[in-house]
Amino acid sequence: DIVEKSEQKAKAEVELVATKEAKEAAMLELEQLSNYNAELHQSCDFVIKNFELRQTARDEEVEALRQAKAILSGAKFEEFLQQ
């Protein structure tokens, strides 16, 4: 009876060690995922914050390219100065 109890205790202690190791691994992964989430959040905040500024800059670039294309296609440069 004492031998059986000792074996059960030994098995339980092995399971306890394995469970603690699994918990530590899970906690480490959770911490890494939390850090990654924070990085993504910061990146998304930057994109959202600067969206209108970037959109305006792109619109200005497109308009400048249209004007350049029109000039190179033979349009009169004076027409653009009047705008």
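I looked just past helix H2 and found Gly74 with a positive phi of about 110°. The model is predicted, and I kept that in mind for what follows.

I then checked H2 itself. Helix H2 covers residues 51-72, 22 residues in total. From first C-alpha to last it reaches 31 Å, close to the 32 Å expected at 1.5 Å a residue.

Next I looked up confidence. The chain has a mean pLDDT of 91, and 89% of its residues reach 70 or more. Helix H1 (residues 2-49) has the highest mean among the elements, 96. Helix H3 (residues 77-81) has the lowest, 62.

I searched the whole structure for salt bridges and got 3.

Lys9 is exposed at 54% relative accessibility, and Glu13 is partly exposed at 42%.

In H2, Arg58 and Glu61 lie 3 residues apart, about one turn. Their side chains meet in a salt bridge at 2.7 Å, N to O. Glu61 is partly exposed, with a relative accessible area of 43%, and Arg58 is also partly exposed at 43%.

Glu63 and Arg66 form another salt bridge, with the closest N and O atoms 3.9 Å apart. These two are 3 residues apart in H2, about one helical turn. I noted Arg66 as exposed at 53% and Glu63 as partly exposed at 36%.

Conventions
Residues are numbered from 1 along each chain as its sequence is written. This is a predicted model: local features need pLDDT of at least 70, side-chain atom pairs count only at pLDDT 80 or more; totals for chains, interfaces and linings use all residues. Side-chain values use heavy atoms; hydrogens and water are left out. Helices (H or I, at least four residues) and strands (E, at least two) are DSSP runs, numbered from the N terminus. The expected span of a helix is 1.5 Å times one less than its number of residues. pLDDT is the predictor's confidence in each residue, from 0 to 100. A salt bridge is a side-chain nitrogen of Lys or Arg within 4 Å of a carboxyl oxygen of Asp or Glu. Buried means under 20% relative accessible area, exposed over 50%, partly exposed in between (1.4 Å probe, protein chains only).
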